[in-house]
Amino acid sequence: MGGQDYNELAGAYRRHREPHPDVIDALIPHGEVTETSHVLEVGCGTGNYIHEIARRTGATCTGVDPSREMLRHAESRAELPMNRGAGHPEVTFVLGSAEDLLLADRQFDLVYSVDVIHHIDDRDAAARETRRVLKPGGIAMVVTESEEDLRLRTPHVTYFPDIVEVELRRYPSIETIQRELAAAGLEIGETIGVSRPVEVTETAPFRDKAYSSLHLIDEESFRDGLARMEADVSVGRFQVSVDTPSLR
């Protein structure tokens, strides 16, 4: 994953990034992930998704990330009350990349990533690695955003319009991802749309730049957008709807 030092972003990600409930539901549909399953998250960051899947299903879970600081925060989540006790199995974390997972062949029933595909330098190699570690009959899922999602994503584009071109350069299209997965020998299934309105009541995630794209726009544009956002939030003026497709 190139372009940014995610060790420096880990603290903000830990403070502000939480799993999207509907993405979790899409990742673990009823009956498909159980306590006998082995689950891998590629680009697990601070571990919010993989810990939640372990908590809900009892599955044996592993998270891989190239950032040591992200993994430090992910491991520390195990000490949270909700993540302790017999009902929450230990999650194993491994320093590695999507292109080189450093894990044995054919051991996972589910391999997934959430909003990671646009950070991967060699997506073809990453797709081959996913295919390698996936059990026969296993499922791979990529949670990402389409071009339409990126153009309409609020409140980001409302207050930080420069983000649009930044994100369009970073994100591969859904069709491109499908071709790359198919070339690696993965069968392409359905595309699932995920959407839930979320009311924004505070601006700390934006002020702390807990979204990588905010580090890639002009500082003046960022400060202008943040000022307008804070003014609107102070009078309860806006709401955001998150829409994230996943490929299965």
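Q: How many cavities of 30 Å³ or more does a search of the whole structure find?
A: This is a predicted model, in which local features need pLDDT of at least 70 and side-chain atom pairs pLDDT 80 or more, while totals for chains, interfaces and linings use all residues. Residues are numbered from 1 along each chain as its sequence is written, and side-chain values use heavy atoms, without hydrogens and water. On a 1 Å grid over the protein atoms alone, a cavity is a set of points where a 1.4 Å probe fits but cannot get out, and lining residues have an atom within 4 Å of a point. The search of the whole structure, with that 30 Å³ threshold, finds one cavity.

Q: Which element gives the most to the lining of the largest cavity?
A: About 170 Å³ of space lies in the largest cavity, a volume being the space filled by probe spheres set on the points, which are joined across faces, edges and corners. Two or more lining residues come from each of strand 4 (108-114), helix 5 (123-133), strand 5 and helix 9, where helices (H or I, at least four residues) and strands (E, at least two) are DSSP runs numbered from the N terminus. With four residues, the element that gives the most is helix 5.

Q: Which element supplies the largest share of the lining of the second largest pocket?
A: A pocket is an open set with protein on both sides within 12 Å along at least five of seven lines. The second largest pocket holds about 300 Å³ of space and is lined by 20 residues. Its largest share, nine residues, comes from strand 5.
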